[in-house]
Amino acid sequence: MFVKKLVDLASKKPGSPNCLKANDINPRLVFHYGIPAGSISLAYDSIQKILAISTADGRIKLYGKDNTQALLESDVAVPSKFLQFLENQGILLNVTVQNHIEVWEISTKKLSHVHILKEEITSFMVMQHSCYMYIGDSLGNISVLKLDQEPCRLIRMQYNIPFSASHGNTSDVAEDNAVMYAFPQPTAESRRVLIIFRDGLIVLWGIQESKAIFITGGNTLHSLSPEVKKVTSACWACSYGSKVVVGYNNGEISLWSIHGSSTPKEATTMNKQELYAAQNIPICKLNLGYKAEKVPIVSLRWIFGDGRASRLYVNGASDCGSSNSFQIILLNENAESRIIKLALPLPDCCVDMEIISSISDRNKHKLDVLLLLSKSGHLYGYDDSNIEKYLLQCQSKSPPSLPNQEMVKVPFGESTITVAKFVTDNSDLSSSMDQDRAPAKNFPSLFPIYAKEKDGDNLYSTHFSGFAKIKNLYITGHSNGAINFWDASCPFLLLILSVRQQREDDHSLSGIPVTALSFDSNSRLLVSGDQHGMVRIIKFKPEQNSAGNNVFSLQAATTRQGCSQIIDSLKIIKVNGAVLSICVNLGLGHLVVGSDEGYVSIIDMEGLIILSQKRFSSELYTGIISLQFENYRLHGSEKNVLFVALKDSSVLALEGDTGNMLSSNMVCCKKPTKALLMQILDGQDISAHKSYVSDATDLSKGNAIQDAIPKQSLLLLCSEKAVRLYSLMHVVQGVKKVHNKKKLHGICCWASTFHSPFSDSGLILLFTNGRIEIRSLPELSLLKETSLRGFTFSSSKSSSNPTICSSSEGETILVNGDQEILFVSLLFRKEIYRHLDSISQIYKDVIPINEGPASGPTIHKEKKKGIFSIINKDVKGNKAKLSQDTEAIDSEASIEELSAIFSTANFPFDIENRENAAIDENDVELNIDDIDLEDPSTKPKGQNILMLNKRVLNSKFQAIKGKLKSRKVKSTDNSGKEEHVDETTVGSVDQIKKRYGYPLAGESSIPRMAESKLNENLKKLQGINNRTTVMQDTAQSFSSMAKELLRTTEKEKRSS
């Protein structure tokens, strides 16, 4: 036996020229269309109009304008914890459950950097229009990270907010110390950040002051009640940052008022008790029914009403998916008014929500859409304007109807795909690639609300002009009985023809699922079978004129003018059981149909007569999964032999004319397993060896009878657990002798054969866990192995399993229900799909904010009250232009000031402890620049501002003063009044500069400031020296006391 194995291995010759090699294989996902399976979170760039959806397996799907789509795949397949854009900067930040922060560049679709944190990240917030972000951890600390553009990476800043400084109560339970949210305060993003802890404490933190400005909420409220509630969600409820809404795990929703001190000087003089509000209670509590059912509030979103009542979107985590799990209320300024709410019924609980604006440029008016992501991974859309309209008019005499719910799904109409075929013709690939087709932006949007804005339908089609010019033809059979033909030259499928099966009584769709398809492009013959055993033979005309409609009914097809231009003939016949496999022999004019009840029916297509019908039963699995005709030399003459594969992995041979068995025995397996594929090959050249095959393989692989029979023709049989090769001679004789066998590790759910341009054949196997194996034929050696993320397959009979089909060149299309379509290629060659680069280009150039389109959830912000606010009040000239100039200068100054603050360690000892910096005391070198002589309790506001920043601000003061003087000179009508205004303004500028410690015009203040600073440092050094002397004296006294105590203790021991 051992010698026989060696002989078999030696005879396989893996290096033979007809053997497929690993260098010929390049399995890859070419394009992903639709909503990825396992979606868990959403993010949106309101300026670039980019929507991101993350999955539980490390994928991120991007959707941009003009129907562009792209898929990002991380190296580690772990779920996302937080997902957020750096808006208008082409950067997407993804925080995983492993506390890794991934930095994705959208323009290149590459992962540029991964920042790893030791702490458990519990909150993540980007400070928009900047490169900074707040990271909150489970210990209650907040770190600041900065995105360095070149190279694109994250840097940890020196500035931090420790738990002891912000919260202060270190005796609380550790799990309640986590920072849940860190919100930059609107209109004061660079000066204030609102920190919300899990225990309910709300702290307004002054960034420049590096201390708490305002504190409310927390455990003081919980002490009166035995119930302990924890924060689960929060959001701002005011465009000025004076109100915040907080949701808790017990279903409670509270509206809190945030009071910040007007000046930093007032904040530094307030003690801990004075920081608490006079009324440490929320403004109001919203009773929406969540608390009665103890439903945690998962997420909150507040939208400004743009002159009308604002809205609050509330998402409760109800496992049962109740009708009240997601509600929208009008959040009026008057808290005593009655709550007006709208409950959106969902089939499943909502895990995330987002409001997006019009993605397509063809909409002239802005259209906002509320997107809700369900736990099952489905995405639902609502027109947000209809929601607002309903809330405003529901109390009227004629209330509007409820907003319609639209599910985001692939454009296959109202039915799902049950069976599919993919036929590719790449003989003239270069010319087909040059042919232009409608650009992607002309196709309807994946989001149905946008699609209906233009076409009113979510299906894009064109006039049918024949099959000759179509290089990639995708044919689908549907659950409602329809058969669609698609042009797949681009990953956006284009419907070219739809054939529908109608009822005879009311001409409606039959509603009977199509279960089997067979199509021959040369003869233009389509054969379909449905679940009720109806077989339809459709012959198309060779040349079709462009008709006005591309949807045709099979009911009385030959009598209707539209159908007569397309269909040459239609024949219908019924067999027993649901049709599973179809095989056509054009030379004999025979059609063979296999059913799920085990019947094999041989039909004469011309006379529509059943020549033979036999049943082959099985104890475990019943059904005929594959049929194939083959010319075989038997008893000195060639005969048409029909090879049959049963679902239990049994194979047998029948006479092609009569259907009689050539042997009394079937070739069976010891342990029956579910069969997936049967294919006849010669082991040398599968493409040259033409044969008639069933629908389990592709007719495009050949349909002409080969006269010369190969010497070693083999039968390939793939099952869930093994791949076997039998000799055709042994199958005809009924002898169970395996030529080659390979046991599979795992359960295989789909298999298909393919060949390279050099006629080398291969086998592709797809497993239930998404693993893909590519093996050579007939050696069955493993060439490449990869995986398909997000792929799931259930062993039970369920319609949710994906529909998979492959062409003879290995081009594979996988349709996962109505959610997504995956285009997979196997060979090293030029892509067969057009427009891949253009439809994957998500990120455009940076859009100027004042020129770019307005975002969906617009928040109208109050003008920032910086040091230029006094000038804006006093100047009476061109207020609009001056306001823009001062705001731009204030914003730039704030960013520069913020950079200086974040670059300085405000709590250096805390940073050292957190980073566990192990430094040898002997290696420490004391530097005079490292000594901080400032008293932390009396830090001035500008302590962290560099001298360079003062110079920049000084130059900008001079520029503004020059503008004011120029206005005074140009004004001639009211010169006296203008002069008074200018003098007052200049005086105001000088007063501001003097107040905040900046030099006045014409002063040589830098030497004075240096001298003053030196004197202050000398005084502080002298004070430090005095304190050090006192501490040394005290230490010596303690030492003497300790020695005396030691002597006394020793005397007592001796005496005892």
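Glu-388 and Arg-311 are both buried in this predicted model. Their side chains meet in a salt bridge, with N and O atoms 3.4 Å apart. Glu-388 belongs to helix α6 and Arg-311 to strand β23, so this pair ties together parts that are 77 residues apart in sequence.

Let me stay with helix α6, which runs over residues 384-393. Which residues of this helix are buried? They are Asp-384, Ile-387, Glu-388, Tyr-390 and Leu-391. These residues lie on the same side of α6, because they cover an arc of only 160 degrees around the axis. An α-helix has 3.6 residues a turn, so residues three or four places apart point the same way. The cover over the buried residues of α6 includes several strands, among them β23 (310-316), β24 (326-331) and β25 (341-343). Strands β26 (350-356), β27 (369-374) and β28 (379-383) are also included in that cover.

I turn now to the other salt bridges. The count for the model is 16. One of them joins Arg-28 to Glu-831, where the closest N and O atoms are 2.9 Å apart. This pair links distant parts of the chain, since its members are 803 residues apart. Arg-28 sits in strand β1 (residues 25-34), whereas Glu-831 sits in the loop between β57 (820-827) and α11 (836-839). The cut-off for counting as buried is under 20%.

Another salt bridge is formed by the side chains of Asp-57 and Arg-59, at 3.1 Å from N to O. Asp-57 and Arg-59 are both buried.

Next, a residue in a strand. Val-527 is placed in β35, which covers residues 525-530. Its relative accessible area is 1%, and Val-527 is therefore buried. What does Val-527 touch, leaving aside neighbours within four places in sequence? Its contacts are Ala-516, Leu-517, Ser-518, Val-535, Arg-536, Ile-537, Ile-582, Val-584 and Leu-591. As for Leu-570, this residue is 43 residues from Val-527 in sequence, and the two C-alpha atoms are 9.9 Å apart in space.

Some backbone features deserve attention. The peptide bond from Glu-150 to Pro-151 is cis, with omega near -10 degrees. Pro-151 is in the loop between β12 (142-148) and β13 (153-161). A cis peptide bond also joins Leu-777 and Pro-778, with omega about 0 degrees. Pro-778 is found in the loop between β53 (771-776) and β54 (782-787).

The loop between β53 and β54 also holds Leu-780. Leu-780 is a residue other than glycine with a positive phi, near 65 degrees. At 1% relative accessibility, Leu-780 counts as buried. Lys-294, which is not a glycine either, has a positive phi of about 55 degrees. Where does Lys-294 lie? Its place is the loop between β21 (284-285) and β22 (297-303). Lys-294 counts as partly exposed, with a relative accessibility of 48%.

Leu-1014 is part of helix α17, residues 1005-1055.

Let me now describe the chain as a whole. Its secondary structure comes to 17 helices and 57 strands. Of its 1056 residues, 51% are buried. Among contacts with a separation of 6 or more, 58% are between residues 24 or more positions apart. The chain exposes about 49200 Å², and carbon and sulfur atoms supply 51% of that area.

Finally, the confidence of the prediction. The average pLDDT of the chain is 77, and 70% of the residues score at least 70. The pLDDT falls below 50 over residues 262-269, a stretch with nine contacts in the model beyond near neighbours in sequence. Over residues 556-562 the pLDDT is likewise under 50, and the model has eight contacts for them beyond four places in sequence.

Note on methods:
Residues are numbered from 1 along each chain as its sequence is written. This is a predicted model: local features need pLDDT of at least 70, side-chain atom pairs count only at pLDDT 80 or more; totals for chains, interfaces and linings use all residues. Side-chain values use heavy atoms; hydrogens and water are left out. Helices (H or I, at least four residues) and strands (E, at least two) are DSSP runs, numbered from the N terminus. pLDDT is the predictor's confidence in each residue, from 0 to 100. Contact means heavy atoms within 4.5 Å. Buried means under 20% relative accessible area, exposed over 50%, partly exposed in between (1.4 Å probe, protein chains only). The arc is that of the directions from the helix axis to the C-beta atoms. Accessible areas come from the Shrake-Rupley method with a 1.4 Å probe; for residues, only the protein chains shown count as cover. A salt bridge is a side-chain nitrogen of Lys or Arg within 4 Å of a carboxyl oxygen of Asp or Glu.
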